[in-house]
Amino acid sequence: MTRANPSGKPPAHFNLLVGTYTAGASEGIQVFHFDDAAGRIGELRFTAPCSNPSWLTLSADGRQLYAVSEDGGESPDMPGERRGQVSHFQFDAASGRLDLHGSQASKGDHPTHSSLSPDQRYLFVANYSADAEPGSLVVLPVAADGTLGAARHVHRHPVGSHGDAERQAHGHVHCARISPDGWHLYVADLGADRVFVHRYDVHHPANPLQTAGPASFQAPTGSGPRHLVFSADGRFAYLTLELSGEVMALAVERGELRAIQTERLAPPGFGGAVAAGSLHLSADGRFLHVLDRGDHNHLVVYRVDPAKGTLECLQRRSCEGREPREMALSPSGRFLLLANQGSDRIHVLARDPESGRLGETLQTVSVGAPSDFVFVALP
């Protein structure tokens, strides 16, 4: 996620906000300097304590940051309440400082993803949950000053597809992302093998998510939908299928999703464990980048056909580590940052914006279990 400088001139210096998985709150969210001309992570500017901030969501003005704490189980301080939390920080780009301005319960276990409505009035949070707890989608109101209100509505996902006996006994909500036109919210449920579709209606403040038709897209049984991204014009979407290790291209027609292509991430003949992870389109929409984890641990680059939305494999590139959790293209598009959660490393890779190909590793930085990236331009 990137917040650019509104001056018109492309900035070269950024704050790089990094979420981390931490046993406590010692590492939390780390703020580094990033030089987008040299492709280099610089000094650590600030650290904000936060337990397991696995996903970071930045407001449109770059001043508010929302972090989900991927914790589970019953809260030790509030009996009957789950431990999942969403924290609100105010961010000062000049100093790199993050100041906590309150937290709200996510009303579930292990929140893994969040996104803001286009009007910045609601934060949508995906509770993955685990063990006997079903997943859920939660809607939290956002005040004009960025403050989070208590969850107004919880959409529970109790039913799993049982395609995978261990991971699909009930719903596991992994992603909640709104369409570019702001009309629909799409919710990827790994446990149910479905992408649920809700119509966003700001005229219903008590519950701005209304039933859409059709109410869901059915993915193949046992495939495990994880993350979803849209083309800028909203005509196409791309979905990772974690359990089957695949990426799916979809056409978007009046809110409905229709599969047009499915690609296996691992190369032909690969027999090890696969696990599709995050995915991101380049800013120009010409290339799609997808993480394949498990035993493969590669980043796969696809060329996108702008007319058909289909994918052509361009490159498979080693992640040089274990359990790659997330990645991000730098604002210039000339570098790709890769978070290897299992290796406690961030790698900065060279990238050719014209060809889309990834090059050499320019820098490796030690960070405990990195999970997510956000860029904010220095003023």
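Predicted model: local features only at pLDDT ≥ 70, side-chain atom pairs only at ≥ 80, totals over all residues.
Trainee: Why is Glu 242 called buried?

Mentor: Its relative accessibility is 4%. Buried means under 20%. So Glu 242 counts as buried.

Trainee: What makes Glu 242 and Arg 167 a salt bridge?

Mentor: Their closest N and O atoms are 3.1 Å apart. The rule asks for a side-chain nitrogen of Lys or Arg within 4 Å of a carboxyl oxygen of Asp or Glu. The pair therefore qualifies.

Trainee: Where do Glu 242 and Arg 167 lie?

Mentor: Glu 242 is in the loop between strand 18 (236–241) and strand 19 (246–253). Arg 167 is in the loop between strand 12 (153–157) and strand 13 (173–178). So this pair ties together parts that are 75 residues apart in sequence.

Trainee: Is Arg 167 called buried or partly exposed, and why?

Mentor: Its relative accessible area is 26%.

Trainee: Which residues does the salt-bridge network link?

Mentor: Arg 167, Arg 226, Glu 242 and Arg 293. Side chains of opposite charge can pair when their charged atoms come close.

Trainee: What makes Arg 97 and Asp 99 a salt bridge?

Mentor: Their closest N and O atoms are 2.7 Å apart. That is within 4 Å, so the pair passes. Arg 97, at 41%, counts as partly exposed. Asp 99, at 28%, is also partly exposed. By this rule the model has twelve salt bridges.

Trainee: Why is Asp 201 called buried?

Mentor: Its relative accessibility is 12%. The limit is under 20%, so Asp 201 counts as buried. Asp 201 lies in the loop between strand 15 (194–200) and strand 16 (209–218).

Trainee: What makes Asp 201 and Arg 199 a polar contact?

Mentor: Their side chains meet at 3.3 Å. The cut-off is 3.5 Å, so this is a polar contact.

Trainee: Why is Arg 121 called partly exposed?

Mentor: Its relative accessible area is 39%. Arg 121 is in the loop between strand 9 (111–116) and strand 10 (122–127). Beyond its neighbours within four places in sequence, its contacts include Leu 140 and Tyr 200.

Note on methods: Residues numbered from 1 in each chain as written. Heavy atoms only, no water. Helix = DSSP H or I, 4+ residues; strand = E, 2+ residues; numbered from the N terminus. Buried < 20%, exposed > 50% of the residue type's maximum accessible area, 1.4 Å probe, protein only. Contact = heavy atoms within 4.5 Å. Polar contact = N/O pair within 3.5 Å; in protein donor to acceptor, adjacent residues only side chain to side chain.
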